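Here are my notes on the model, point by point. Please read them with the structure open.

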Amino acid sequence: MIPISFTANTSAFKHLFDQVLRASGGMGKNKMICIRATNEELELSVQGAMVKTKAEVTGEGDIILPSKLLKAYLSSCSTAVISFTFKKGELQCGSSVYTTSAIDIVPLGLRPHLEVPINSSRKSILRYAL
């Protein structure tokens with residue numbers, strides 16, 4: 001699978017990340033975030049909230065990872081521009097590499113039509129099961 005890389009303004013990306021989490025009710029214990037990387041645009045989404053921003057993007061797809069992991073990298077970054085490279089199970093930010101099975105990449109157009117949303121409630125899971 002081709003890795004997905006993006007470079008964005010750090011303060012703008014931090015602001016959008018905080019905004020989407022506030023709109024969805026906070027961080028939560030196991031809250032996952034989806035970053036949809038398309039041509040020069042990033043879309044951050046959690047269940048109930050979505051924001052978009054411009055960025056330099058290489059590759060396309062949905063990156064799904066724990067929001068706490070992304071927050072840890074954003075809070076430790078002090079540069080004006082932040083760059084991430086994602087592979088299935090791996091996140092690279094600068095010279096730092098983090099490996100976990102919680103990071104998933106799904107190519108655009110390959111997700112099922114009726115997919116269960118990330119951070120789904122029991123009610124929504126039952127709706128999709130029926």
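This is a predicted model: local features need pLDDT of at least 70, side-chain atom pairs count only at pLDDT 80 or more; totals for chains, interfaces and linings use all residues.

1. Strands of a sheet pair through backbone hydrogen bonds, either parallel or antiparallel.

2. The β8-β9 pairing. Strand β8 covers residues 90-93 and is joined to β9 by four bridges. The two strands run antiparallel. For a landmark, find E90: T99 in β9 stands opposite.

3. Helix against helix. Two packed helices are described by the angle between their axes and the distance between the axes. For α1 and α2 the angle is about 150°, and the axes are 11 Å apart. Angles over 145 degrees count as roughly antiparallel, so α1 is roughly antiparallel to α2. The crossing of α1 past α2 is left-handed. On the α1 side, the contact is made by F13, K14, F17, D18 and L21. On the α2 side, S67, L70, K71 and L74 take part.

4. Aromatic pairs. The count is six aromatic pairs. A pair of aromatic rings is described by the distance of the centres and the angle of the planes. F6 and F86 are stacked, at 5.9 Å centre to centre with 25° between the planes. F6 lies in strand β1 and F86 in strand β7, so the pair ties together parts that are 80 residues apart in sequence. Both F6 and F86 are buried.

5. A tilted pair. F13 and F84 sit 6.4 Å apart, centre to centre, with 45° between the planes. This pair is tilted. F13 belongs to helix α1 and F84 to strand β7, 71 residues apart, so the pair links distant parts of the chain. Ring pairs link F6, F13, Y73, F84 and F86 into a cluster.

6. Strand β6 and its partners. β6 spans residues 61-66 and is mostly covered, with five of its six residues buried. Strand β2 (residues 32-38) is joined to β6 by six bridges, and the two run antiparallel. Within that pairing, M32 has P66 of β6 as its bridge partner. β6 also pairs with strand β10 (residues 104-106), over three bridges in the antiparallel sense. There, I63 stands opposite I105 in β10.

7. One glutamate to check. E43 is placed in strand β3 (residues 41-46). Buried means under 20% relative accessible area. E43 has 17%, so this residue counts as buried. What is E43 in contact with, leaving aside its neighbours within four places in sequence? The contacts are C34, I35, R36, M50, V51 and K52.

Methods
Residues are numbered from 1 along each chain as its sequence is written. Side-chain values use heavy atoms; hydrogens and water are left out. Two strands pair if DSSP finds at least two bridges between them. Buried means under 20% relative accessible area, exposed over 50%, partly exposed in between (1.4 Å probe, protein chains only). Contact means heavy atoms within 4.5 Å. Rings of Phe, Tyr and Trp (its six-membered ring) pair if their centres lie within 6.5 Å; planes under 30 degrees apart count as stacked, over 60 as edge-to-face and the rest as tilted. Axes are lines fitted to C-alpha atoms, for helices over the stretch in contact, and angles run from 0 to 180 degrees between N-to-C directions. Angles under 35 degrees count as roughly parallel, over 145 as roughly antiparallel, 65 to 115 as roughly perpendicular and the rest as oblique. A crossing is left-handed if the near helix is turned anticlockwise from the far one by less than a right angle, and right-handed if clockwise.
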